[in-house]
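Student: I am new to this structure. Can we go through its charged pairs together?

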Amino acid sequence: QAKTERILFLLMRHLYTGMLYVFSWLAPAFKWTSRKYAKWLSVRNQWEVDLKHFERKAGVPLVWFHCASVGEFEQARPVIDVLAAKQPVQIAVSFFSPSGYEAKKTFKHADVITYLPIDIPSRVNRFLDLLKPTVAVFVKYELWFNFMHMIHSRGIAMALMSAHFPHKHWSTQWPGIHLGIQLAQFDRVFAQTEVSCSRLQSVGIYNCVCVGDTRVDRVIDVAEKSFESVVLASYAKASKVLVVGSNWPEDDLHLIPVLKSLKHFNIIVAPHELSNDQKKRWLDAFKGEIQTLADFEEGQEETTRVVYVDQIGFLSKLYRFADVAYIGGGFGKAVHNTLEAAVYGIPVIFGPKNQRFVEIQALKEIGAGIEIMSGKELSEKLNKALDDQAYRDEVSSALKDFFTSHSGASKKVLKWIEEVVKS
């Protein structure tokens with residue numbers, strides 16, 4: 001059986017690599033399909049330029065973190081920040097997504113920030129030859145099989161952090177066994193839950209330890225840092241505030257009609273992307289009572305009850321002004337980061353596409369996370385979240401306990417990295 005599994009493993013790896021070759025050949029022909037995709041194609045070889053200009057210091061260990069995009073970077077951030085402060089190391093950060101790279105390309109604690117090349121053996125080897133990592137840390141779902149194989153074969157220490165394996169992606173048969181064999185190449189898998197570790201153990205993989213989600217440490221750190229905005233503080237003091245964060249047009253279909261009809265609170269909106277069409281939709285819907293953040297800061301109009309944030313990088317700080325938050329994505333692909341808002345002890349509302357997120361299910365269990373299926377339900381839940389003080393007090397207390405009991409994952413990941421670097 002072990003021999004059969006090994007043969008199947010090799011066949012799967014060759015099939016995987018072959019598919020990537022085909023994709024790389026055909027991909028340019030479809031760059032016209034979207035601007036996002038065209039941007040992704042245009043930066044695929046940026047790593048060559050970045051790494052050729054990167055000075056790898058002899059005798060100094062290098063810890064490399066790979067993240068899909070901004071969300072995964074925020075999970076790695078608390079580990080990176082402490083590592084950079086404590087250790088004489090170089091730090092590399094790579095992204096798969098252009099949005100992640102563009103948002104974090106000036107991050108001060110990284111010695112080099114770049115893109116990950118397509119997972120084709122020749123490019124993987126070239127990337128590793130240039131970077132020369134001492135430790136490689138992949139975040140959450142970033143499983144690139146040729147990278148994993150070649151890092152492992154070179155004897156480079158490798159970990160997966162904030163790992164989570166949903167039930168629908170797993171089985172004790174094939175392909176669950178194949179995934180298990182791939183994951184066995186990691187020296188350590190730091191999982192968010194004991195369930196994820198159990199799923200590895202079900203196929204004979206015992207390199208997993210449950211430490212929790214490092215994002216908890218990150219959002220606590222952000223919440224504890226000061227952020228001054230006299231106009232927003234005054235705005236929040238004058239009325240209760242709903243902060244709508246990371247909303248997509250699919251969310252707006254439910255949000256805008258409800259928010260137009262409810263007049264007893266103020267609204268701060270910070271969409272997921274800076275889309276002119278989405279901005280125009282909000283400005284048209286709330287004409288006469290909406291300002292962009294820049295205009296609002298220059299001079300607040302008396303009729304303004306909606307502030308539209310058309311700037312990047314503010315959202316995690318804005319939740320401190322909220323009495324309740326709506327987190328977007330749940331009527332599209334998936335809900336975005338709920339912990340950024342929940343850390344302030346407020347109810348968090350979101351749409352139905354949330355099942356694969358452990359933290360959201362935990363928030364729902366303690367009553368702080370509110371799932372809605374329609375605009376009508378949004379109206380009902382929003383009114384309760386704003387006006388029922390007994391419920392708000394329960395949520396605040398439950399969230400305080402939640403963040404206290406779930407913090408500390410980043411310290412456990414950091415300890416492993418420091419042990420590897422020193423050895």
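**Charged pairs**

Tutor: The side chains of Arg218 and Glu74 form a salt bridge, 2.6 Å from N to O. A salt bridge is a side-chain nitrogen of Lys or Arg within 4 Å of a carboxyl oxygen of Asp or Glu. Arg218 sits in helix 10 (residues 215-224) and Glu74 in helix 4, so the pair ties together parts that are 144 residues apart in sequence. Helices here are DSSP runs (H or I, at least four residues) and strands are E runs of at least two, numbered from the N terminus. This is a predicted model: local features need pLDDT of at least 70, side-chain atom pairs count only at pLDDT 80 or more, and totals for chains, interfaces and linings use all residues. Residues are numbered from 1 along each chain as its sequence is written, and side-chain values use heavy atoms, with hydrogens and water left out.

Student: Which lysine meets Glu74 in a salt bridge?

Tutor: Glu74 lies in helix 4 (residues 70-86). Its partner lies in helix 5 (residues 98-104), 30 residues apart. The N to O distance is 3.4 Å, and the partner is Lys104.

Student: Is Lys36 buried or exposed?

Tutor: Buried means under 20% relative accessible area, exposed over 50%, partly exposed in between (1.4 Å probe, protein chains only). Lys36 has a relative accessible area of 55%, so Lys36 is exposed.

Student: What is the N to O distance between Lys36 and Glu273?

Tutor: The two side chains meet in a salt bridge. Glu273 is partly exposed, at 30% relative accessible area. The distance is 2.7 Å.
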